[in-house]
Amino acid sequence: MNRSTRYAIPVGRALLTLIFVFSGIGKIFSWEQTAHFMASKGMPWVPFFLLGAIALETIGGLCILVGYKARFGALTLIVFIIPATIIFHDFWNVEGMERQTQMIMFMKNLAILGGLLLILGYGAGPLSIDDGLAGGKNRYRSDV
């Protein structure tokens, strides 16, 4: 494995997941504001879904970040990001500049979803706990 690959993959994992880790932790400290925003979007059972969002974002993000059970982490974030994208970035329901802003956010989430699907398919890669536990044998195999 070349040097750039060895370091690019863990840096990519970190960049991909920091948005989730910070967002999940941020929701804890802004519970009321986040709950109000969720309610304004018509979500039922706000406390339940807010707690679920915090758990999925934080646990999934940390799993990928450190590369431990990274595929599980990717799956949890996929479960989070698909409905969150549809509910909170519904550009088709707004007009003007808000439509453009929400479309950009929607497309950003699709790009993140692509990264998560790569983690789901290929695993954490080098410099991860998963790779260390496998003895460095499973870096690029998609059937593990």
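Which way do α1 and α3 cross, left-handed or right-handed? Hold that thought. First, the overall picture.

This is a predicted model. The chain has 6 helices and 0 strands. Read from the N terminus, the order is α-α-α-α-α-α. Now look at contacts between residues at least 6 apart in sequence. Of these, 62% join residues at least 24 apart.

Back to the opening question. The crossing of α1 and α3 is left-handed. Helix α1 covers residues 3–29, and helix α3 covers residues 46–66. Two numbers describe a packed pair of helices: the angle between the axes and the distance between them. Here the angle is about 150° and the axes are 8 Å apart. Angles over 145 degrees count as roughly antiparallel. So α1 and α3 are roughly antiparallel to each other.

Who meets whom? On the α1 side, the residues include Arg 13, Ala 14, Thr 17, Phe 20 and Val 21. Further along α1, Gly 24, Ile 25 and Ile 28 are also among them. On the α3 side, look for Leu 50, Ala 53, Ile 54 and Glu 57, among others. Leu 62, Leu 65 and Val 66 of α3 take part as well. By class, this contact has 12 nonpolar, 5 polar and 3 charged residues.

Stay with α1 for a moment. Arg 6 sits in this helix. Is Arg 6 buried, exposed or partly exposed? Its relative accessibility is 29%, so Arg 6 counts as partly exposed. Now find Gly 125. Arg 6 and Gly 125 are 119 residues apart in sequence, yet 8.2 Å apart in space, C-alpha to C-alpha.

Next pair: α4 and α5. Their axes come within 9 Å and cross at roughly 160°. That makes α4 roughly antiparallel to α5. The crossing of α4 and α5 is left-handed. From α4, the residues in contact include Ala 70, Ala 74, Leu 75, Ile 78, Ile 81, Ile 82 and Phe 88. From α5, they include Phe 106, Asn 109, Ile 112, Leu 113, Leu 116 and Tyr 122. Sorted by class, α4 with α5 gives 16 nonpolar, 4 polar and 1 charged residues.

At 10% relative accessibility, Thr 76 counts as buried. What does Thr 76 contact, leaving aside neighbours within four places in sequence? The answer is Leu 56 and Gly 60.

Now α5 itself, residues 96–122. How far apart are the end C-alpha atoms of α5? They are 40 Å apart. With 27 residues at 1.5 Å a residue, the helix should span 39 Å, so the two values agree.

Several α5 residues are buried: Gln 102, Phe 106, Asn 109, Ile 112, Leu 113, Gly 115, Leu 116 and Ile 119. Follow the numbers along that list. An α-helix has 3.6 residues a turn, so residues three or four places apart point the same way. What covers the buried residues of α5? The cover includes α1, α3 and α4.

Last stop, just after α5. There, Gly 123 takes a positive phi of about 85°.

Key
Residues numbered from 1 in each chain as written. Predicted model: local features only at pLDDT ≥ 70, side-chain atom pairs only at ≥ 80, totals over all residues. Heavy atoms only, no water. Axes fitted to C-alpha atoms, helices over the stretch in contact; angles between N-to-C directions. Helix = DSSP H or I, 4+ residues; strand = E, 2+ residues; numbered from the N terminus. Parallel < 35°, antiparallel > 145°, perpendicular 65-115°, else oblique. Left-handed = near helix turned anticlockwise from the far one by under 90°. Contact = heavy atoms within 4.5 Å. Nonpolar A, V, L, I, M, F, W, Y, C, P; charged D, E, K, R; others polar. Buried < 20%, exposed > 50% of the residue type's maximum accessible area, 1.4 Å probe, protein only. Expected span 1.5 Å × (residues − 1).
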